[in-house]
Amino acid sequence: MEKTADVIIIGGGIIGTSIAAFLSEKITGTVVLLEKGLLGEGSTSRCAGGIRCQFTTPINIQFSLLSLKIFKNFEKLFRVDPEFHPSGYLFLASTNEEFEGLKAGAKLQRSYGIDVDTLSPEEIKVRWPFLNTGDLAGGTFGSEDGYAGPYEVLQGYVKKARERGVKIYEECEVIEILTRGGKIEGIKTIHGDTISSPVVVDAAGPYAGIVAEMAGVSIPISPLKRQLFTTAPFEKLPEEIPLTIDLHVGWYIRREGKGFLISGPQSEDYGFSLDTDFAGQIFAATHAMQRIPILENATITNSWGGLYAITPDNHAIIGFHPDLQGFLIAGGFSGHGFQHSPATGIVATELIVNGTASTLDIQALSVERFEKGMLNREILTAFRD
Ligand SMILES: Cc1cc2nc3c(=O)[nH]c(=O)nc-3n(C[C@H](O)[C@H](O)[C@H](O)COP(=O)(O)OP(=O)(O)OC[C@H]3O[C@@H](n4cnc5c(N)ncnc54)[C@H](O)[C@@H]3O)c2cc1C
């Protein structure tokens, strides 16, 4: 193993590997990525793969637009098919207040040139007759949204990073971060190896807060469980339906092969447990049957739990820590780290290589915002994805 590196990335999920891939194109020095388990085995392998422009803050919309460009060109850039399905995202509102929030969000999205329809319950019923719309106030449909394969995208990043010389080590947990006089000096692995480096990237997903503690700084990132359920093949519905989100209850569904992927609740389960539970399954099934009655004939066949990495304003933290030179944080993506991984790779590369991000203004994602009380505010505050 290398004794020195120019950059060490901790975490081999979608964020760490994206940074490795984009950075490898702009840096001549040594980049080492260390993953405590297997590449992608964390939140990335548990992810639903959703990609949307329908966010309600400028920074998230800008991250989506930049990332979407990369997803659309992914095969050309990374020589792996990301399996992007442009199914669209359909947000459903049950109250007038939620619908007003969706409409305000759509107005903001349109100001960025995004194609979003605002729909009455009747218009929703005409386009997707299988939906129960009786209780709805309205909805929005973003035709550019969809979903892709987390595994495929991860493979694309890893392939590019390896080809360009990034040294990737699996089963290599970082257990210590070495600092001196307010500067990063390197890391120590569980195998006893020490690598010195002036830059360490914390891309440890839900463990990012723990990794920051190793470096002696505190960042507000904590884990939150989310459960997913899949059904057996179900052909009584169209082959392609929009990724449909019931805003009021925080439930969503999309096609997964010939069956469906259905979400559990927006959990209050802060902690590292990945167990699924019966309450989650009841939630998934009840809301599925309520919104799409014909799904009473579907069978749940599989389930898993995964972790969101939550911050106080549900927006990511990207940037160097002000109190520790060389410590770059890229974490806290809630339920949107997969879709924002391309933009994160681009801006993190700029930060490392030039000291500042030029493609996007990422002030809104700085770790200092929490102390300064400059939190981001989604219009749909209850929606944490
Ligand atoms: C159920 C579910 C559904 C989701 N759906 C979507 C979606 O539809 N769209 C979307 O965009 N996002 C979605 N997400 C969120 C998305 O999965 C995450 O935001 C994203 O995967 C975060 O990637 P990451 O690389 O930061 O974290 P991870 O994938 O968790 O990677 C971090 C890695 O760091 C490693 N690590 C931790 N500590 C150390 C250490 N000390 N040393 C070495 N390695 C270490 C871990 O083993 C892990 O592999 C979903 C998440 C869940 C749980």
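## Ground rules

Residue numbers start from 1 along each chain as its sequence is written. Because the model is predicted, local features need pLDDT of at least 70 and side-chain atom pairs count only at pLDDT 80 or more, while totals for chains, interfaces and linings use all residues.

## Two domains

The chain splits into domain 1 (7–48 + 151–221 + 313–372) and domain 2 (86–145 + 224–307), with bounds that come from an automatic or database domain assignment. Their centres, taken over C-alpha atoms, sit 31 Å apart. Where they touch, domain 1 puts in 6 residues and domain 2 puts in 8 residues; contact here means C-beta atoms, placed from the backbone, within 7 Å.

On the domain 1 side of that contact you'll find 3 nonpolar, 2 polar and 1 charged residues. For these classes, Ala, Val, Leu, Ile, Met, Phe, Trp, Tyr, Cys and Pro are nonpolar, Asp, Glu, Lys and Arg are charged, and the others, Gly among them, are polar.

## The nonpolar core

A nonpolar core is a set of buried Ala, Val, Leu, Ile, Met, Phe, Trp, Tyr and Cys residues joined through C-beta atoms within 7 Å. Buried means 20 or more other C-beta atoms within 10 Å of a residue's own (exposed is 12 or fewer, partly exposed is in between), with C-beta atoms placed from the backbone. The largest such core here has 112 residues, and Ile 8, Ile 9, Ile 10, Ile 19, Ala 20, Val 201 and Leu 328 have the most contacts inside it. Its largest share, 7 residues, comes from H1.

Take Ile 10: beyond its neighbours within four places in sequence, its contacts include Leu 34, Val 174, Val 201 and Val 211.

## Helix H10

Helices (H or I, at least four residues) and strands (E, at least two) are DSSP runs, numbered from the N terminus. H10 covers residues 341–354 and is mostly covered itself, with 11 of its 14 residues buried. Those buried residues pack against several elements, including strand E1 (7–10), helix H1 (14–24) and helix H3 (58–72). Just past the helix, Gly 355 has a positive phi of about 85°.

## Around the ligand

The ligand is surrounded by 40 residues, the closest being Gly 13, Gly 42, Gly 205, Gly 306 and Gly 337; a residue is near if its C-beta atom, placed from the backbone, lies within 6 Å. By class, this shell has 17 nonpolar, 17 polar and 6 charged residues. Domain 1 and domain 2 each supply at least three residues to the shell.

Notes
The expected span of a helix is 1.5 Å times one less than its number of residues. Two residues are in contact if their C-beta atoms, placed from the backbone, lie within 7 Å.
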